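Please examine the sequence and the structure shown below. The paragraphs that follow lead through them step by step.

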Amino acid sequence: MRENWGRVVAFTGAGISAEAGIPTFRGENGLWRRYRPEELATPQAFRRDPRRVWSWYRWRMSLIAGAEPTRAHRILAEWERKGLLLGVVTQNVDGLHQRAGSRRVIELHGSIWRVRCTKCGSRFDLGFGNVPEEELPRCALCGGLLRPDVVWFGEQVSTDSFLEAQELFSRAEVVLSIGTSGAVMPASMLPIDAVERGKILVEVNPEETNLSSLAAVRLRGPSGRILGELASLVEEDSSWR
Ligand code: OAD
């Protein structure tokens, strides 16, 4: 991988935030084991019972608001600063990559720290850690009901962010897939397409995933430890130069 430093893109999922105490979706303690996505993370669920959806989102927002970026988030930010990493394409909505100092972050599934009006479509940034107090937050411009600006099941990923992600992937030679089950499309098409185009997929995950069989290198373990080990190798490399 040495000659490819600088042409690496990170593709991240809930597992990179697990060490910050934010539950993942699938797996043993995953949110989708305890909650039904169709009752909380679909436009139909929001239309049926917006209070319930907002109350679940406020709970998740409070959890994230109290969390710090993990070692893995911080290492990715440092690699970007050093020119080793092109950027991060994330499925996460928690904003922890930006908190850690990453600048090029493409959020495929939106952001929990942004809301969108269901009536006029206006978007508002809440800022990290600002959890709406109202049971049903309303649009300052038209009074319409606001919703979290995240991608729910059955909704499209924004074309702009997907194209931006494809552009970043096209410049990379190595895809570092960290903490994702690879179970959700179209996000997972990015690493799959990259492998088809001859790029190297490196997986960082304690478990086998849908992407494992495509990975040239599988680094089994929590992302903090594994990226820490990779960061030490990078340090050694730069001391040879
Ligand atoms: P998942 O919950 O599907 O997968 C989390 C992955 O993280 C699993 O493969 C775990 O093995 C791994 N993992 C757990 N702890 C880890 C650690 N300490 N270090 C590294 N990896 C660890 O989460 P995503 O793949 O992000 O979509 O899920 C994709 C999408 O499904 C989410 O964005 C969300 C969800 O429904 C929407 O909300 C639209």
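**A guided reading of the model**

T159 is exposed, since its relative accessible area is 56%. In this text, buried means under 20% relative accessible area, exposed means over 50%, and partly exposed lies in between, with a 1.4 Å probe and protein chains only. The model is predicted: local features need pLDDT of at least 70, side-chain atom pairs count only at pLDDT 80 or more, and totals for chains, interfaces and linings use all residues. Residues are numbered from 1 along each chain as its sequence is written, and side-chain values use heavy atoms, with hydrogens and water left out.

T159 belongs to helix α7, which covers residues 159-171. Helices (H or I, at least four residues) and strands (E, at least two) are DSSP runs, numbered from the N terminus. Although T159 and L108 are 51 residues apart in sequence, their C-alpha atoms are 9.3 Å apart in space.

Helix α5 comprises residues 71-81, and its buried residues are A72, H73, I75, L76, A77, W79 and E80. L76, in this helix, has 0% relative accessibility and therefore counts as buried. The C-alpha atom of L76 is separated by 9.9 Å from that of L86, 10 residues apart along the chain. W79 also has its place in helix α5. Because its relative accessible area is 1%, W79 is buried. Between the C-alpha atoms of W79 and W5 there are 9.2 Å, and the two residues are 74 residues apart along the chain. Just after α5, G83 takes a positive phi of about 80°.

Attention now turns to the loop between β7 and α8. Strand β7 spans 174-178 and α8 spans 189-196, and P186 is found in the loop between them. A cis peptide bond, with omega of about 5°, joins M185 and P186. In general, most residues other than glycine have a negative phi, and most peptide bonds are trans. S188 lies in the loop between β7 and α8. Is S188 buried or exposed? S188 counts as buried because its relative accessibility is 0%.

With 4% relative accessibility, T180 counts as buried. The side chain of T180 reaches the backbone nitrogen of G182 at 3.1 Å. This is a polar contact, that is, a pair of N or O atoms within 3.5 Å; within protein, one must be able to donate a hydrogen and the other to accept it, and residues adjacent in sequence count only if both atoms are side-chain atoms.

Which residues are closest to the ligand? They are F25, R26, T180, S181 and N205, and 23 residues surround the ligand in total; a residue is near a molecule if one of its heavy atoms lies within 4 Å of it. By class, this shell has 9 nonpolar, 11 polar and 3 charged residues. Ala, Val, Leu, Ile, Met, Phe, Trp, Tyr, Cys and Pro count as nonpolar, Asp, Glu, Lys and Arg as charged, and the others, Gly among them, as polar.

A polar backbone atom of A14 is 2.8 Å from an oxygen atom of the ligand. A nitrogen atom of the ligand lies 2.8 Å from a polar side-chain atom of E19. In the side chain of W32, an N or O atom is 3.1 Å from an oxygen atom of the ligand. The ligand has 790 Å² of accessible area on its own, and the protein covers 90% of it; accessible areas come from the Shrake-Rupley method with a 1.4 Å probe, and for residues only the protein chains shown count as cover.
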